[in-house]
Number of protein chains: 2
Amino acid sequence: MKYKIAIIGFGTVGQGFAEILDEKGNWFKEKYGLDFNVVAISDPIKGSVYAEQGLDLTKILSLTKETGKIDSYSEGIKGLDSIHTITDTNANVIIESSPTNIETGDPGITHIKTALNNKKHVITTNKGPVALAYRELAKLADENGVFFKFEGTVISGTPALNLGLETLAGTKIQEIKGILNGTTNYILTEMERGKTYDEVLKEAQRLGYAEAKPDADVEGWDALAKVLILGNVIMESNLKVKDVDRTGITGITLQDIQQAKSENKRYKLIGKVRKENGEIKASVSPEKLDIEDSLAQVNGVLNALTFVTDELQEVTIVGPGAGRRETGFSLLTDLLNIHRLIEKS
Amino acid sequence: MKYKIAIIGFGTVGQGFAEILDEKGNWFKEKYGLDFNVVAISDPIKGSVYAEQGLDLTKILSLTKETGKIDSYSEGIKGLDSIHTITDTNANVIIESSPTNIETGDPGITHIKTALNNKKHVITTNKGPVALAYRELAKLADENGVFFKFEGTVISGTPALNLGLETLAGTKIQEIKGILNGTTNYILTEMERGKTYDEVLKEAQRLGYAEAKPDADVEGWDALAKVLILGNVIMESNLKVKDVDRTGITGITLQDIQQAKSENKRYKLIGKVRKENGEIKASVSPEKLDIEDSLAQVNGVLNALTFVTDELQEVTIVGPGAGRRETGFSLLTDLLNIHRLIEKS
């Protein structure tokens, strides 16, 4: 089947994905038999363009870079909003990469429901819809005979969900714990070098690792969304935001960190979901880990995830947790997975 | 389809696999729809038994434990050798878990060829056949329309081959490097605590981590076999034993290790395969890593593998590299993978 892709939300992730398709499209076709084109892109700021026969991604990307807009593209239909880009185009795969909202899940949830109801596959990097409405959306995908994939919602393109669901299939997973947020890990790593929280936060904002309003990261909301996804998807729980015991890193002082260092320990913000007496417990909080703990060794913006299993004890994966190409790549991982499943059927 | 399994070689790995099937069979059926029984087991020392309708694994395992033999099992046909167990039974999946021979690959290669020629799926943990004859065997499987799987040949059940081939599909892998042998890693870790090589080797032999004749581990042959498998399977090279630059750990003294420690470094036996100017280079040798290197932090019998990729930079997986259940589990991973592929087709 030929994948006709519409990208909803053309920020860094959507652009990273488009770059990968543009640069490596021929290789994907040769190696995996993946036949695709991008037929539509819609973004509330950059504009919208739809061309039934496919867009020239090199042109689109250079327009975006040069003008910040895509609607001066020479062909096609302009001005379709996100919903009409989903419903009124020939796209059969919708990439939902609009910004995460962990309170309402929108506009992501609406985009995804619209696409699934229109029998279009959905791939997203948007944490809100998966954290808040996974079961409902998975059921809707099932009822409509299409796929709903979201590898990039947890530690970007580094395998996390696919690792737990497919690669580790056959184990019983008792606990998943990890460093799920690069911003806070960067801050804690730099503080260990002697800088204060405020100094490091400013530096992180300058480097683009932290937002101007950093609460989503430093208060643990981003990690919380990932814990919900890991718990509800891999451990089949039904956790809500209020079920996760959440503490951020703002209470950790330079003194705490230096005290820990003198004890051969290191603070990490750990997201965790585990089975305990038949119940699922979930938390996000700073933990003082022994320096030899494999998660203690994951520094800077790296992320890591440990699966505690019955057959393999602990299996840990370490990799990038953010980034334009890294998160864009997660969308490709899901597309290749859908392709593999469709080709086999 | 119902999987009728024959196990060739009933050592710790074969037994570990049988234990997992025995304990978790109902769960595999419920969760994955995996319908199977073990119809035959053949081992040159423990004997051989074949029952068309399936063997009672609880009984077989307790017989093995109590008597070291399986041929006092109350039913079935006794005395079939490995080849006849492959050719003359109703088995459609052959588990090849006979001992590794890295020089000739036999009896594994003969078992596997016989099974594939008889259109039976093969799953193996035997490194010899894959290291020496991967291309020929993969082609034979293809020609006969059956699967040939061997996840357990590299770092036991910890995802390695599936991670590289499937979970990381879409990346271009430039290098794979890792700690591929638990025995040598245990020895190096203990030497850092101040013990001599000879002391630690004796201890490792007592604990069952090292063989009486430890050359396969300490001279790097075991790691070499895994490097060949990673290179030939994941990086599509065509390396032979002689192409791998191999140095073991026997030349490393306590002084070397303590000198490294004083420099904040740590010796690890690193197996590596990488693309360099269009060529594939492969090696096994002790490397003095910076203490902050993620592979430097993998201690004791743990193994680890780093994939250096274009889209995700470095992705590292850490997990057990050996063990009765852990390696037995790799066979189940492959069986579930075959099941997934067959169900979809």
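Visitor: Which residue is the bridge partner of A:Thr316 in S13(B)?

Guide: This is a predicted model, in which local features need pLDDT of at least 70, side-chain atom pairs count only at pLDDT 80 or more, and totals for chains, interfaces and linings use all residues. Residues are numbered from 1 along each chain as its sequence is written, while chains are lettered from A and ligands numbered from 1 in the order in which they are written. Strand S13 (residues 314-320) of chain A pairs with S13(B) in the antiparallel sense over three bridges (pairing needs at least two DSSP bridges; strands, E, at least two residues, and helices, H or I, at least four, are DSSP runs numbered from the N terminus). In S13(B), A:Thr316 has as its bridge partner B:Val318.

Visitor: Which strands stand at the edges of the sheet of 12 strands?

Guide: The sheet is open, with mixed pairing, and has the order S9(A)-S11(A)-S10(A)-S8(A)-S12(A)-S13(A)-S13(B)-S12(B)-S8(B)-S10(B)-S11(B)-S9(B). Two strands have a single partner each, so one side of each is left without a neighbour in the sheet. These are S9 (244-246) of chain A and S9 (244-246) of chain B.

Visitor: What angle does helix H10 of chain A make with S10(A)?

Guide: Helix H10 (residues 221-234) of chain A lies across S8 (173-179), S9, S10 and S11 of chain A. Axes are lines fitted to C-alpha atoms, for helices over the stretch in contact, and angles run from 0 to 180 degrees between N-to-C directions; contact requires C-beta atoms, placed from the backbone, within 7 Å. Relative to S10(A), H10 of chain A runs at about 30 degrees.

Visitor: What kind of axis relates the two copies?

Guide: Chain B superposes on chain A by a rotation of 180 degrees with 0.0 Å of shift along the axis, at an RMSD of 0.0 Å (least squares on C-alpha atoms with pLDDT of at least 70 in both copies). The copies are thus related as by a two-fold rotation axis.

Visitor: Which element gives the most to the side of chain B that touches chain A?

Guide: The contact involves 31 residues of chain B and 31 residues of chain A. Elements giving two or more residues to the chain B side are H6 (161-167), S13 (314-320) and H12 (324-344) of chain B. With eight residues, the most comes from H12(B).

Visitor: How far apart do the C-alpha centres of domain 1 and domain 2 of chain A lie?

Guide: Domain 1 covers 3-157 + 325-344 and domain 2 covers 161-320, with bounds from an automatic or database domain assignment. The two domains touch through 12 residues of domain 1 and 16 residues of domain 2 of chain A. Their C-alpha centres lie apart by 28 Å.

Visitor: Which residue in S5(A) stands opposite A:Ile5?

Guide: An open sheet of seven strands in chain A, with mixed pairing, has the order S4-S3-S2-S1-S5-S6-S7. Within chain A, S1 (residues 3-8) and S5 (residues 93-96) pair in the parallel sense over four bridges. In S5(A), the residue opposite A:Ile5 is A:Val93.
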